[in-house]
Amino acid sequence: EASGSEANTISATDMTKVSSTEYIYSWTVGAGDGTTTFSLSVGTDMAENTIVSTPTSSTDTIIVDNIDPASFTTGSVVTTGGRVVTGYWNDTNTAIKVTVPIATETAPSSLEGGTVQIQAKALAANQNDLSSGTFTDISAATAGILSTDIGNNKVLTISKSLLTSLISSSEDYKLVFRAVITDYAGNETQGDANTTAIFIVD
């Protein structure tokens with residue numbers, strides 16, 4: 001039998017026999033957060049060796065994380081290179097830098113080992129409803145979250161070549177940016193767009 005304790009309590013349950021040397025147990029993760037430790041009832045293998053009731057390897061403990069990263073608003077978005085004009089992207093600019101605030105978490109942080117992805121959308125210059133349109137990932141505009149990023153701002157640079165899918169030969173439209181943070185366990189939070197960091201392409 002297998003059982004679990006701590007974050008998810010699992011009553012002793014018969015395991016399914018696969019072969020004379022293998023038994024399996026399928027577990028549906030429940031609500032809650034923390035570690036769940038599995039134990040096995042006393043048994044013996046084919047050689048009559050006793051199975052230790054609680055495995056001593058690290059694989060007997062699973063971290064349960066059902067919490068999304070904290071809500072946030074994407075930070076500053078600025079152009080670099082060439083003639084820098086606040087609120088505009090022009091043909092001389094070479095990149096855009098997006099600042100993303102990474103929340104403070106008590107160690108060990110579930111954000112460490114996660115990722116930041118920058119998304120953008122293009123709207124007509126006269127479109128004042130910034131909720132319209134669909135954000136899409138900017139290819140390669142992603143970065144891993146390091147321990148030194150926790151509680152600090154992370155800046156991602158988007159080169160001109162990465163913006164080609166949004167920047168065409170036409171003029172006078174808005175570029176709106178946001179960040180998406182995914183923690184180590186795969187929980188995701190889409191940040192709010194910085195409504196003061198909108199670029200008119202000219």
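**Salt bridges, nonpolar core and local backbone features**

Lys154 counts as buried, at 12% relative accessibility, where buried denotes under 20% relative accessible area, exposed over 50%, and partly exposed the range in between (1.4 Å probe, protein chains only). The structure is a predicted model, in which local features need pLDDT of at least 70 and side-chain atom pairs count only at pLDDT 80 or more, whereas totals for chains, interfaces and linings use all residues. Residues are numbered from 1 along each chain as its sequence is written, and side-chain values use heavy atoms, with hydrogens and water left out.

The side chain of Lys154 meets that of Asp149 in a salt bridge with an N to O distance of 2.9 Å; the criterion is a side-chain nitrogen of Lys or Arg within 4 Å of a carboxyl oxygen of Asp or Glu. Asp149 is likewise buried, its relative accessible area being 9%. A search of the whole structure returns 2 salt bridges. Asp91 and Lys160 also form such a pair through their side chains, at 3.5 Å from N to O. Because Asp91 lies in the loop between β8 and β9 and Lys160 in the loop between β12 and β13, this pair ties together parts that are 69 residues apart in sequence. Strands are DSSP runs (E, at least two residues), numbered from the N terminus. Asp91 counts as exposed at 64% relative accessibility, and Lys160 as partly exposed at 32%.

The largest nonpolar core comprises 26 residues, and Val100, Val116, Ile118 and Phe177 have the most contacts inside it. Such a core is a set of buried Ala, Val, Leu, Ile, Met, Phe, Trp, Tyr and Cys residues joined through side-chain atoms within 4.5 Å. At least two core residues are supplied by each of β9 (95-101), β10 (115-124), β11, β12 (153-159), β13 (173-182) and β15 (199-201). The most are given by β13, with 5 residues. With residues up to four places away in sequence not counted, Val116 touches several residues, including Val100, Ala141, Lys154, Leu156 and Val180; contact requires heavy atoms within 4.5 Å.

Two further positions concern the backbone. Ala140, in strand β11 (residues 136-144), has a positive phi near 70°. Most residues other than glycine have a negative phi. Ala140 counts as exposed, at 59% relative accessibility. Gly87 is placed in the loop between β7 (77-80) and β8 (88-89) and counts as partly exposed at 22%. Beyond residues up to four places away in sequence, Gly87 touches Ile198, Phe199 and Ile200. The C-alpha atoms of Gly87 and Leu175 are separated by 9.8 Å, these residues being 88 residues apart along the chain.

Technical notes
Helices (H or I, at least four residues) and strands (E, at least two) are DSSP runs, numbered from the N terminus.
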